[in-house]
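The structure is shown first, and the description follows.

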Amino acid sequence: MQTLKKLGTLILNLFVFSTLTYSQENGTIQNKEIHNLERGLQLSDYTLFQKSLSSSFTAGSHSIAMMDQVIPQILAQYPSLISLQVLDTQNNISRVEYNFKNIGKQVSNIHFDSENKISKIELFDNILNVSEASQKSDTAELISSFTTKFELVNNLIFVEVKLNGKIENFILDSGAPAIILNSHYFESEESDDEAYGVSGSATLKNIEIESFDWNGIRLENTNLIGMNLSHLEEKTGKKFKGLIGFSVLKDYELYIDYKKHELSLLSQGNGKLHTEIKPKAELSFEYGAHLPIIETTIDKTKYKLGIDTGASSNLIDISSFDNLPKKTYKVIDTSTLFGADKNETETTLINIKTCTISNKKFKKMEFVTSDISHLNKGYGLEIDGLVGYPFLSEQKTSIDFLNKKIYFWK
C-alpha cells in the first residue's frame, strides 16, 4: 500500500510537472509573440509582428485578409510605444499594460488561439470601433449649394461653423478623412471607450455633439472624432474648434477663389459653373484612400501627388527628392517643418523649374522636402508628395470630388 501511495504521488508530481512545463512553454511562446508586437508598436512596423497573428485574427470588423491595409494605418495614426508589460495571463488571454508617448498608460487584452498565435488585440478593436462609428456619424443630408467667405491664415482656409449653437472657427482640410474636433476644448467630454486612436501624437476621442451646421450641412446629436490640435493653434496663432474633412466634401464640387477669400460648395449640376461658365482647363484624378491623386511629369519621370486643401505648402517626399535630377530644381532655402506629432524637422525649400500635369505646364512650383512615408504606410499609398495652397491658389480652382475632376477657371 505504501508503495502504491508513493507511486501515486510520483505520478501526480509528474503530471503537475508536465502541466507546469506545458504551461510555461505556452507562456514562453505567447511572450515571444507579445515581444514581437511590442517591437512593432515601438517602431510602427507591422512586419515585425505580422507572423505572430493567427489565421483567424480579426480587428474591428476586418478579417486577416485586410490586415495588410488596416494595421499599418493604425500604426501610422498611433504615437510611439514606450513600453509594454504583461500583467497576468489566464485561459489564453493576456492582460497587458501599454505605455504610449503623449497618451500614457492603457490596459487591454491580447487573445491567443490553440496554437499560441495572436487572435485578437483588443486595443486595435477599440481604435477601429471609435473611428468607424465616428466616420459613419458625420454623414449629413445633401444640400444644393452655398457660397461663403473664408479667412486665410498661414495659407490655411478658416471657415465659420455653428457648433452646439455657437459660431466657431474650423479649418477646411480635405486631407482629413472626416470632421475632426479639437479635443483641447472638449476635455470634459467622456467616451465609452477606454482606449483611443490618434493621429500623430494627438489622442483620438469619441466626442458627442448636439449640433453641427456649416451653411446648411447639418448633424445633430451624434459622435465625432476628437484630436488635440492645440499645436496647430500655436503655429497659426488662431483658435479653432476642428477640421472639416473629406467625408463632408466627397459628394460636392469645391470651388475656391483665394483672391476673394471666397469658396462655394456645389451639388451636381447646381450653379453657373459648367453651364454659363466654361473652365479653361481640367485634370482628372484617381483616389488613393480619401486623397485625390494626380500624376505629374518632371524631366520625363512620372510622380504621383496627393491634393490637400490643408497643406499650406507643396511637399515632396525626401526619397523622391533624392531621385530628382539636379537640373530640374533650384534650392531656395532650408526651413523647419512642424508636423502633426509636434516635432520639428529640418527641410529644404526647392523650386521645380517645370511640372507637367495633363499637358499643362506649371512653372517654378515651390516644394518643401518632407518624409511622408508614414502617410504612404498608413493609407497604403504610393505617392511622392502633396500639393496644396501654392498649387490651388495660382488661379480659381474647383475640385469635383464625385466625378474626380479638377477645373481651372478664368
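## Charges over rings

A charge sits over a ring if NZ of Lys or CZ of Arg is within 6 Å of the ring centre and within 35 degrees of the ring normal. In this predicted model, where local features need pLDDT of at least 70, side-chain atom pairs count only at pLDDT 80 or more, and totals for chains, interfaces and linings use all residues, K360 places its charged end over the ring of F408, 5.6 Å from the ring centre. The charged end of K241 likewise sits over the ring of Y185, at 4.9 Å from its centre. Residues are numbered from 1 along each chain as its sequence is written, and side-chain values use heavy atoms, with hydrogens and water left out.

## Aromatic pairs

The structure holds 16 aromatic pairs, a pair being rings of Phe, Tyr and Trp (its six-membered ring) with centres within 6.5 Å, called stacked if the planes are under 30 degrees apart, edge-to-face if over 60 and tilted otherwise. One of them joins F158 and F240 edge-to-face, with 6.0 Å between the centres and 75 degrees between the planes. Because F158 belongs to strand β9 (residues 156–163) and F240 to the loop between α4 (230–236) and β16 (242–244), this pair ties together parts 82 residues apart in sequence; helices (H or I, at least four residues) and strands (E, at least two) are DSSP runs, numbered from the N terminus.

F158 is buried at 2% relative accessible area, and F240 is buried at 1%, where buried means under 20%, exposed over 50% and partly exposed in between (1.4 Å probe, protein chains only).

## A ring cluster

F285 and Y287 form an edge-to-face pair, since their ring centres are 5.3 Å apart and their planes stand at 85 degrees. F285 is buried, with 1% relative accessibility, whereas Y287 is partly exposed, with a relative accessible area of 30%. Ring pairs link these two residues, F285 and Y287, with F246 and F401 into a cluster.
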